[in-house]
Amino acid sequence: MTWVNVVVQGVLLGAVYALFACGLSLMFGVMRIINLAHGDLAVVGAYLVWLVADKAHVSPFVALIAALPVMLIAGYILHVALLGRSLRGGPLVPLLTTFGLAIAIQNTLQEAFSPDVRSLGAAAGWIATASWRISGGLAISWFGVLILAVAVAVLGGLDWFLRRTGLGREMRATAQDPDAARLVGIDARAVYARATAIAVATAALAGAFLAIRSTFEPLSGPTQLIFAFEAVVIGGFGSLWGTLFGGIVLGVAQTIGGHIDPQYSMLAGHLVFLAVLASPRGRTLAARSAWT
Amino acid sequence: MTLLAVEGLDAHHGLLHAVRGVSLAIAEGDKLALVGANGAGKTTLLRTLAGAHPASAGVVRFDGADITVLPAHRRVALGIALVPEGRRLFPDMTVLENLLVAGRRARPGPWTVDTVLDAFPLLRPLRDRRAAALSGGEQQATAIGRALMTNPRLLLLDEVSLGLAPRAVDTVYESLARLIATGATVILVEQDLGRGLAIADRVVCLLEGRIVLEGAAAELTRERVTEAYFGLRGPGGQP
């Protein structure tokens, strides 16, 4: 029963990683930008939710609903003002831009909010702590199930958006051949800005869930970025369901490692990631990087 | 009425001066064949007209408006569509999706998924197949159909027969001939002189980025075009 519990907790943890990863995967898939500030944008989302919840005295869930449109707009502006310009400078410039952005965000957050560790768990109330006790060794937290449900809904919704809607088709077309997309009337810059907006909003969602589930501070971003990146690689580029799978594999690997010995938790996740990279599948990752 | 007017157009590929001082005028309903050897600047000229390549000097007017610096997607909205060299379909999207994505911001007009599939009946059974899994001829038909979905007033066709089996070229040209008979305005780049002359009513021959010969297709002999094509005679007809 203990092992069932370990796997179940791993799946729930993996849902958080998948939620972090889907925006990273979207930005890389659509415009080949590896957004090194993705984790930090998630932390910005967490602070925004914290700020709204604190000032307006509302539940973090209500604050999150208010914060998401703000982050959506912020993402759009981020692309138009910064990333879109950097894309003109070749493939290396966007990477350096997001690296710089990550540092700027971390330091601004430290300046504004101090390095204190915070959590939204207490403000979220009973839902953050309630759980179903299935048996002695197995308890499933309500909030974990909520995150899993949201992750499935967000990734499934994005997949549906990309496949079934006109805007989504434009996004896939631009990802596959931006030059040809312009020739059929698609404004590639607007498509890129929309993709960044969606990515930043999902990052904020993941950041808020992280903040409710555990703790956050101004420097929490890079760790989340690594987990998100690993989830994307394990699941394979170009598939949102793959990203969900990758997040869950990473989560289960970490909880299994952690069950054997608490200090193996991170290590086990990294080892699975390295194993995927070294496998024959890992070698074809770059070739399969376009969104389908 | 002049639909497209080009004056003194220059375009560069880095240091290469690919298009030099080209001036052209195309009226509604014209069918112009652009011929010339490899590297004569035909593709660059078409891409510059479509907005996919920047002009370094000169003016392009479409329907009276200066569009020289307009980006490609805005030119599509005005009614210029390019079928690019190498077809450039979205490989992981189906035939239907390739058509739909082009039709999304289309000008109002006669072309819809249904009319395109009527014009290229070979595509009807393939509508749910991935573009990458099509044969060359099927891809070319899809590429032309995709351009038509934007309801262009001016259709630019770049090397539609390149890399296709002779039978596939026949099929594509049969559809093109029907399309052209409806009064479409077309600029066609073609390596195959015979095909170009058969379909066009005017011929422009480029050599090293310059227009060296221009005339009505009916009045030009194959020999004169060939001479201009290889630069055997100067523009004035002097050896």
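The exercises below, each with a worked solution, concern a predicted model with chains A and B.

**Exercise 1. Describe the overall build of chain A: which elements it has, and how its radius of gyration stands against the globule rule.**

Step 1. Count the elements. Chain A has 13 helices and 2 strands.

Step 2. The C-alpha trace of chain A spans about 60 × 50 × 35 Å along its principal axes.

Step 3. Of the 292 residues in chain A, 51% are buried. Among contacts in chain A between residues at least 6 apart in sequence, 75% join residues at least 24 apart.

**Exercise 2. Work out how helices α3(A) and α4(A) pack, and which residues make the contact.**

Step 1. Locate the helices. In chain A, α3 covers residues 60-87 and α4 covers residues 92-113.

Step 2. Read the geometry. The two helices pack at an angle of about 150°, and their axes are 7 Å apart.

Step 3. Classify the angle. Angles over 145 degrees count as roughly antiparallel. α3(A) and α4(A) are therefore roughly antiparallel to each other.

Step 4. List the residues. From α3(A) the contact takes A:Leu82, A:Leu83, A:Ser86 and A:Leu87, and from α4(A) it takes A:Val93, A:Pro94 and A:Thr97. By class, the residues of this contact are 5 nonpolar, 2 polar and no charged.

**Exercise 3. Derive the strand order of the open sheet in chain B and state which strands stand at the edges.**

Step 1. Start with β1(B) and β2(B). These two strands run antiparallel and are joined by 8 bridges. The hairpin of β1(B) and β2(B) has 2 residues between the strands, and in it B:Gly14 takes a positive phi near 60°.

Step 2. Go to the pair of β1(B) and β4(B). Strand β1 (residues 2-13) and strand β4 (residues 57-62) of chain B are antiparallel, with 5 bridges between them. In this pair B:Val6 stands opposite B:Val60, and B:Asp10 has B:Ala57 as its bridge partner in β4(B).

Step 3. Strand β5 (residues 65-66) of chain B runs antiparallel to β4(B), and 2 bridges join them. Here B:Phe62 stands opposite B:Ala65. The hairpin of β4(B) and β5(B) also has 2 residues between the strands, with B:Asp63 at a positive phi near 55°.

Step 4. The open sheet has 4 strands in the order β2-β1-β4-β5 (chain B), with antiparallel pairing.

Step 5. Find the edges. β2 (16-27) and β5 of chain B each have a single partner strand, so one side of each is left without a neighbour in the sheet.

**Exercise 4. Describe the contact between chains A and B, beginning with the residues each chain gives.**

Step 1. Count the residues. Chain A gives 17 residues to the contact and chain B gives 22.

Step 2. Find the elements of chain A. Those that give two or more residues to the side touching chain B are α7 (166-176) and α8 (178-183) of chain A. The largest share of this side, 6 residues, comes from α7(A).

Step 3. Sort by class. The side of chain A that touches chain B has 6 nonpolar, 4 polar and 7 charged residues.

Step 4. Examine one helix pair. α7(A) packs with helix α3 (residues 95-103) of chain B at an angle of about 105°, with their axes 10 Å apart. Angles of 65 to 115 degrees count as roughly perpendicular. α7(A) and α3(B) are therefore roughly perpendicular to each other.

Step 5. List the residues of this pair. A:Arg169, A:Glu170 and A:Ala173 of α7(A) meet B:Glu97, B:Leu100 and B:Val101 of α3(B). The residues of this contact divide into 3 nonpolar, no polar and 3 charged.

Definitions and conventions: Residues are numbered from 1 along each chain as its sequence is written. Chains are lettered from A and ligands numbered from 1 in the order in which they are written. This is a predicted model: local features need pLDDT of at least 70, side-chain atom pairs count only at pLDDT 80 or more; totals for chains, interfaces and linings use all residues. Two strands pair if DSSP finds at least two bridges between them. Two residues are in contact if their C-beta atoms, placed from the backbone, lie within 7 Å. Ala, Val, Leu, Ile, Met, Phe, Trp, Tyr, Cys and Pro count as nonpolar, Asp, Glu, Lys and Arg as charged, and the others, Gly among them, as polar. The radius of gyration is taken over C-alpha atoms; the globule rule is 2.2 Å times the number of residues to the power 0.38. A residue is buried if 20 or more other C-beta atoms lie within 10 Å of its own, exposed if 12 or fewer, and partly exposed in between; C-beta atoms are placed from the backbone. Axes are lines fitted to C-alpha atoms, for helices over the stretch in contact, and angles run from 0 to 180 degrees between N-to-C directions. Angles under 35 degrees count as roughly parallel, over 145 as roughly antiparallel, 65 to 115 as roughly perpendicular and the rest as oblique.
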